Amino acid sequence: MSDLPFTLDQLRILKAIAQEGSFKRAADSLYVSQPAVSLQVQNLERQLDVPLFDRGGRRAQLTEAGHLLLNYGEKILSLCQETCRAIEDLQNLQGGTLIVGASQTTGTYLLPRMIGMFRQKYPDVAVQLHVHSTRRTAWSVANGQVDLAIIGGEIPGELSESLEVIPYAEDELALILPVFHPFTKLEKIQKEDLYKLQFIALDSQSTIRKVIDQVLGRCEIDTRRFKVEMELNSIEAIKNAVQSGLGAAFVSTSAIAKELQMGVLHRTPIEGVVVKRTLWLICNPNRYRSKAAEAFSQEILPQFANPGWNQDVLKLTQKSLMLTTLEVATPTSSGED
């Protein structure tokens, strides 16, 4: 180890600077002084005999060598974290960490309920929930930073071979209206009625917006004819806007259960149209899977799956997780991506 030209602390500092964009903010995030960070970087550059940062600008920019070291450094740090978690697992769920990923809607409305049930059974396990875009979440699973995730969008094509992607549940998207809208007096509305509404929508690049457009298109509804009066960046903002009478919207049924029960929003059926999207369970069978992840998969996931959930697929996933755990325990396993 003494022959290596860098230490784990130096890799952590390099990663922090790249993430924060400055030596000072990196020092603050690591709870060390800025001179200490600068000294470690200088020592690292001297040991490697290459510059790692272009110091000409206001923001710390990595050189080509810096990017290369950061790429390998993140893999090294990730494997170190896996090692620590594998050792923690020896305590048999009397500690350890479960890291779950989710896209925006599932992370806001579905995963907290699942995690709450898990924490009741295993209070000593620390649980982290990472909520990001589908793409970022998928990469986190692929890189071993997240144990498993439930997402609603499409997996990046370049990850299709490295991830296990299993259909988990169907998420229905409902049309909601202000409770005082004239259409609320109707049992159902017709497709043509949609073009008379003013809509509150998510940004046109959001995953859910694209799913809605695709599903409605298959039902011969042209979303290009919708009168989109306002675009907002969160489901909560959209619900509040509809409740205030600013327009109609399509949102996940999981996001409006409380509002429907309180009677502050109205769900309006459309004749002959059901808008659904598939939620996917994703994991990386080639990375270490903790006992906490196995317990979550076996005991919590089935309780929230659709009635059509394939139990054979679930058993296959559990077996995959257990086999991966055993493989990591053997000397021949490399643990690499």
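Visitor: How many cavities of 30 Å³ or more does the structure hold?

Guide: A cavity is a set of points on a 1 Å grid over the protein atoms alone, where a 1.4 Å probe fits but cannot get out. The structure holds one cavity of 30 Å³ or more. This is a predicted model, in which local features need pLDDT of at least 70, side-chain atom pairs count only at pLDDT 80 or more, and totals for chains, interfaces and linings use all residues. Residues are numbered from 1 along each chain as its sequence is written, and side-chain values use heavy atoms, with hydrogens and water left out.

Visitor: How much space lies in the largest cavity, and which residues line it?

Guide: About 40 Å³ lies in the largest cavity, where a volume is the space filled by probe spheres set on the grid points, joined across faces, edges and corners. Lining residues have an atom within 4 Å of a point. Here they are Glu82, Arg85, Val141, Gly144, Val146, Asp147, Arg287, Tyr288 and Arg289. By class, that lining has three nonpolar, one polar and five charged residues (Ala, Val, Leu, Ile, Met, Phe, Trp, Tyr, Cys and Pro count as nonpolar, Asp, Glu, Lys and Arg as charged, and the others, Gly among them, as polar).

Visitor: Now the helices. At what angle do α1 and α2 cross?

Guide: Helices are DSSP runs (H or I, at least four residues), numbered from the N terminus. Axes are lines fitted to C-alpha atoms over the stretch in contact, and angles run from 0 to 180 degrees between N-to-C directions. Helix α1 (residues 8-20) and helix α2 (residues 23-30) cross at roughly 120°, and their axes come within 8 Å. That makes α1 oblique to α2 (under 35 degrees is roughly parallel, over 145 roughly antiparallel, 65 to 115 roughly perpendicular, the rest oblique).

Visitor: Which residues make the contact between α1 and α2?

Guide: Contact means heavy atoms within 4.5 Å. From α1 come Arg12, Ile13, Ala16, Ile17 and Glu20, and from α2 Phe23, Arg25, Ala26, Ser29 and Leu30. Six of these residues are nonpolar, one is polar and three are charged.

Visitor: How does α3 pack against α1?

Guide: Helix α3 (residues 34-48) packs on α1 at about 110°, with the axes 10 Å apart. The two are therefore roughly perpendicular. Gln10, Ile13 and Ile17 of α1 touch Val37, Gln40, Val41, Asn43, Leu44 and Gln47 of α3, a contact with five nonpolar, four polar and no charged residues.

Methods. 1 Å grid on protein atoms, 1.4 Å probe; cavity = no way out; pocket = protein on both sides within 12 Å on 5 of 7 lines; lining within 4 Å.
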